[in-house]
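Dear colleague,

I am handing over the structure below, and I would be glad if you could look through it with the notes that follow beside you.

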Amino acid sequence: MNFRINNIVCLSSLLGLYLVMACVKDKNFDTPESDCVSDLSANITIGELKALYVDELIQIQEDWVIEGYVVSSDLAGNFFGTLHIQDNFINPTQGLQLEIDLRDSHLFYEVGSKILIKTKGLYLGMSKGAIKLGGVFSAFGNPAVGRLPAAVVGQHLFNSCDPLGSLQPKTVDLNKLDDSMISTLVQFANMEILSAELGLTYAVKEEETIRTLTNCEDLELELLNSGYSEFQANLLPEGNGTITGILIKDNKDYQLVIRDTSDIAFTDIRCEDLVDEFTSSKIFISELADPDNNAGARFVELYNSDSEPLSLKGWTLRRYTNDNTEISSTIDLSGYEIEGNSTFVISPNASEFENVYGFPPNHGVSINSPADSNGDDNLELVDPFGTVIDIFGVIGEDGSGTNHEFEDGRALRKGNVSQANPIYTPSEWTIYNDSGESGTINEPQNAPDNFNPGTR
């Protein structure tokens with residue numbers, strides 16, 4: 001009889017314990033009461049602590065205490081194993097990433113709460129360009145900052161008795177980001193999802209996924225989403241507006257991580273497509289050089305006969321070697337601008353070009369490029385929309401012995417030519433070579449005396 005009663009009591013106790021544990025696992029239960037400390041104060045700032053890191057992992061031995069305000073949350077599952085804090089409610093000067101192995105950390109360290117951290121025994125290190133604080137683990141025999149075990153998190157992280165504050169994200173520009181903003185709450189205006197990614201979900205299921213944010217100036221920022229987040233399967237928003245999140249870094253690239261979809265307010269109309277690619281018949285090839293005495297001094301010169309400068313974004317220079325009808329090599333001219341009534345010189349050997357001619361080229365490229373022709377190749381200048389604007393030579397015809405050979409010499413566009421011509425016209429050129437046909441000058445040219453790159 002006693003045996004049966006004891007078993008019933010034990011079963012009842014186990015059932016009660018199971019129910020309690022089951023409740024604890026439910027992430028929607030009420031926030032547990034958390035003790036706060038009022039007798040602990042900071043004696044070093046986040047910025048001063050981060051400044052201690054110099055090239056290698058360190059374990060902190062001093063009784064330092066830092067304070068900060070929690071800006072991240074794992075409630076929606078987009079953060080895992082990390083807690084981000086910043087040094088002020090508004091206009092923070094520094095932030096810090098804490099590595100902790102504590103699930104549902106939002107229940108213990110709420111957004112906007114002030115926490116204090118005893119740093120003695122913790123490790124300070126850098127990973128992917130960001131300074132982090134936490135425990136330690138070994139990667140291929142090398143120690144690195146790792147997650148602080150859950151059992152000891154409470155020995156280092158303490159809630160202040162200060163009331164919850166209302167964080168105000170710092171509004172920043174995409175072109176003014178710097179490392180002091182890492183792990184702080186930031187906000188960007190006039191942002192939208194890259195048009196090519198509309199219709200996609202926030203993340204691929206169970207995979208960390210990068211999506212792309214852009215603004216009306218075509219500047220971009222990576223949006224990092226967890227494949228385990230509650231909103232993983234939601235479609236990305238289609239409008240334009242503000243987005244708030246925690247700035248992090250992945251080596252050289254800044255990334256933004258939202259806490260949940262309420263951090264995005266894309267309620268405005270999307271940006272109009274920014275037109276920053278232009279075509280013009282005023283840009284043309286003005287000189288080609290293959291000096292007889294120095295192959296390293298070869299170059300291609302372009303000229304803009306318009307009075308206004310023009311961006312070369314999307315423009316390319318193509319080379320068809322010998323009698324090839326397929327493109328042999330290409331130079332992308334994006335990122336450069338050609339001034340009005342000015343030349344643009346391209347060299348396959350920038351150092352040798354400067355040594356020979358006394359000044360650097362506008363664009364240094366590789367050997368075997370269109371700027372490195374030995375005089376029997378054909379070239380095309382192509383605008384951003386794929387239209388051939390100007391040409392030298394006849395595609396499919398080896399230049400040797402023809403009216404478009406400039407081997408050991410030069411091809412110089414005549415001064416009365418003021419616009420491009422997509423059809424090769426020999427009368428527009430003065431051509432020097434060693435074996436060209438009638439109409440060319442069989443007189444090899446030497447650098448620098450017989451050349452004048454940069455002058456039209």
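Predicted model: local features only at pLDDT ≥ 70, side-chain atom pairs only at ≥ 80, totals over all residues.

Residues are numbered from 1 along each chain as its sequence is written, and side-chain values use heavy atoms, with hydrogens and water left out.

Helices (H or I, at least four residues) and strands (E, at least two) are DSSP runs numbered from the N terminus, and two strands pair if DSSP finds at least two bridges between them. On that basis, seven strands form an open sheet with mixed pairing, in the order 26-25-20-19-29-30-31. Strand 26 (363-364) and strand 31 (441-442) stand at the edges with a single partner strand each, so one side of each is left without a neighbour in the sheet. Helix 4 (residues 350-357) packs on this sheet, touching strand 20 (299-304), strand 25 (342-347) and strand 26, where contact means heavy atoms within 4.5 Å. Elsewhere in the sheet, strand 19 (residues 283-289) and strand 29 (residues 410-413) run antiparallel and are joined by three bridges, with Glu-287 standing opposite Leu-412 in strand 29.

Asp-408 is found in the loop between strand 28 (388-392) and strand 29. With a relative accessibility of 18%, Asp-408 counts as buried (under 20% relative accessible area, with exposed meaning over 50% and partly exposed in between, for a 1.4 Å probe and protein chains only). Leaving aside neighbours within four places in sequence, Asp-408 is in contact with Asp-290, Pro-291, Asp-292, Asp-434, Pro-444 and Gln-445.

For the voids, a 1 Å grid over the protein atoms alone was used: a cavity is a set of points where a 1.4 Å probe fits but cannot get out, a pocket is an open set with protein on both sides within 12 Å along at least five of seven lines, and lining residues have an atom within 4 Å of a point. Grid points are joined across faces, edges and corners, and a volume is the space filled by probe spheres set on the points. The largest cavity holds about 40 Å³, and strand 5 (95-101) and strand 8 (130-139) each supply at least two residues of its lining. The largest pocket has a volume of about 880 Å³ and is lined by 33 residues, of which Asn-78, Phe-79, Phe-80, Thr-82 and Glu-208 lie nearest its centre.

With best wishes

Methods. Axes fitted to C-alpha atoms, helices over the stretch in contact; angles between N-to-C directions.
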